[in-house]
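Please look over the sequence and the model before turning to the notes.

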Amino acid sequence: MLHRGVLRFGTGMAATLKVAIPQVGRGTEVAGLSAWRLRVTRCSSRSAAPPTVTFIAASTAPRSVGPSGAVGVCAIRSSVCLGSSRAFCAKRGLAEEQQRQKAPLRPKEELLRDAKHHDVPVRRKAVKGLGRYRDDLEAIEAIAVGLGDEDVAVQLAAQYALGRVADVGDPRTVKAALERVTSKCEWTRIAALSTLADITGGFGHETRGTTLDLEVDSSVKGRLEDEDWGVRRAAIDTMAQRAQHHCAETVAAARKLLEDQMGTVRESAIKAIASLVPRGSREAVDWIAPRLDDWHESVRRAAVVAIAKIAEKGDQHSIELEKAACDDRSWIVRKAATDSLAKTATLNDLASLRKLARMLEDFDPLPRMAAIYGIAELCGVGHRKAICLAEARLEHRDPGTRQACVQLLEKIATNDLTVIMQKVEERMDDEDEHV
């Protein structure tokens with residue numbers, strides 16, 4: 001089979017080389033493996049890099065060798081770096097990274113001017129560049145103006161820059177963002193709330209409890225009933241990020257938003273509850289469980305993920321909820337439920353293991369993949385029941401299920417199981433190429 005690739009080598013080396021698989025090195029060959037026959041088709045040289053030869057390599061197997069010398073699978077283009085060239089490439093990458101970090105600081109006046117430019121990319125780069133002027137009041141004010149920009153890319157750059165221009169909890173940046181929480185533009189309010197989550201300290205930070213910090217708390221809470229759903233979502237996200245673990249006030253606010261008319265707000269409320277309540281809280285699971293029947297699939301997915309995060313391992317109530325979610329009409333929810341069930345179930349829970357095995361028959365590939373990794377992680381190598389459940393589906397009518405069972409047996413079956421090995425080998429003649 002022919003593979004095109006690029007062979008890089010030092011100046012003093014010959015252009016006709018044999019490259020052995022898998023160890024790639026200067027003049028290296030490996031016994032028992034066919035060396036690649038190289039035919040040079042083009043040679044070029046650049047001043048900043050070693051000479052480069054483009055070649056066609058003929059090999060007996062569809063393999064490719066990457067820069068690290070590892071054998072890849074069925075890659076059309078192969079790039080083989082030999083000896084000193086690997087070190088050269090690494091040094092050049094490091095030098096480029098250092099050069100980016102040491103890029104010259106643009107004049108502040110130029111950045112302030114470009115921050116008002118009519119072109120979005122110019123404004124974005126200018127606002128981001130102003131973040132390098134640490135503790136500069138003019139820069140802070142110009143960045144804060146960017147939070148109200150008409151383009152989201154500039155708003156995100158402003159949010160990033162405000163986090164760099166001063167320390168966490170700095171009164172100047174906090175005040176600048178706080179002033180824009182009451183803006184008439186909903187996008188500005190969202191950007192301001194998200195920025196406050198980044199630039200204010202978490203619970204226990206030295207700046208918490210000050211007069212300004214209490215103003216932030218009051219302002220964020222006031223946005224929980226904003227007319228715009230995006231603002232409500234940003235408010236509960238910010239409130240949860242700033243709150244103390246087990247904070248009753250934040251949990252109560254999130255519970256109220258579980259009934260919000262917008263699905264994304266309900267999703268954020270579920271995530272806030274899961275991040276704040278103690279592990280094993282049956283009460284929290286009961287709050288979230290009704291959202292498993294939500295009409296919005298992202299809410300149902302968030303609910304089943306949150307239940308797995310809250311529940312103790314082996315909690316039967318949570319396991320039953322996750323099993324029910326495995327039959328959801330959305331593959332996104334089924335995949336999340338399969339992952340969650342594998343986390344919550346215990347090794348000796350045969351009912352959960354059977355449910356995970358049935359997920360190998362799902363008509364979507366991602367829930368099947370989740371079942372493969374879930375069973376392998378839950379049971380480990382040599383688990384007889386898991387092996388039997390996979391073996392029973394090796395001749396399933398669906399090729400996706402047969403493929404999933406072969407992949408699962410590869411992870412959990414041992415070499416001494418000759419009958420299993422024979423059945424897996426028989427699948428090499430399967431009518432489906434993927435099996």
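The notes below begin with the protein as a whole and then turn to selected residues.

This is a predicted model, in which local features need pLDDT of at least 70 and side-chain atom pairs count only at pLDDT 80 or more, while totals for chains, interfaces and linings use all residues. Residues are numbered from 1 along each chain as its sequence is written, and side-chain values use heavy atoms, with hydrogens and water left out.

**Overall make-up**

- The protein has 20 helices and six strands; helices (H or I, at least four residues) and strands (E, at least two) are DSSP runs, numbered from the N terminus.
- Of its 435 residues, 47% count as buried, where buried means under 20% relative accessible area, exposed means over 50% and partly exposed lies in between (1.4 Å probe, protein chains only).
- Among contacts (heavy atoms within 4.5 Å) with a separation of 6 or more, 62% join residues 24 or more positions apart.
- The accessible surface comes to about 23000 Å², and 52% of that area belongs to carbon and sulfur atoms; accessible areas come from the Shrake-Rupley method with a 1.4 Å probe, and for residues only the protein chains shown count as cover.

**Arg 208**

- Arg 208 sits in the loop between helix 7 (186-199) and helix 8 (211-222).
- Arg 208 counts as buried because its relative accessible area is 18%.
- Leaving aside residues up to four places away in sequence, Arg 208 touches Gly 201, Gly 202, Phe 203, Asp 213, Asp 217 and Arg 242.
- A polar atom of the Arg 208 side chain lies 2.9 Å from the backbone oxygen of Arg 242.

**Loop residues with positive phi**

- Asp 135, in the loop between helix 3 (120-130) and helix 4 (137-146), has a positive phi near 60 degrees although the residue is not glycine.
- Asp 135 has a relative accessible area of 39% and is therefore partly exposed.
- His 246, also not a glycine, has a positive phi of about 70 degrees and lies in the loop between helix 9 (229-242) and helix 10 (248-257).
- The relative accessibility of His 246 is 47%, so this residue counts as partly exposed.

**Helix 5 and the surface**

- Leu 156 belongs to helix 5 (residues 152-165).
- Leu 156 is classed as exposed because its relative accessible area is 52%.

Key
Polar contact = N/O pair within 3.5 Å; in protein donor to acceptor, adjacent residues only side chain to side chain.
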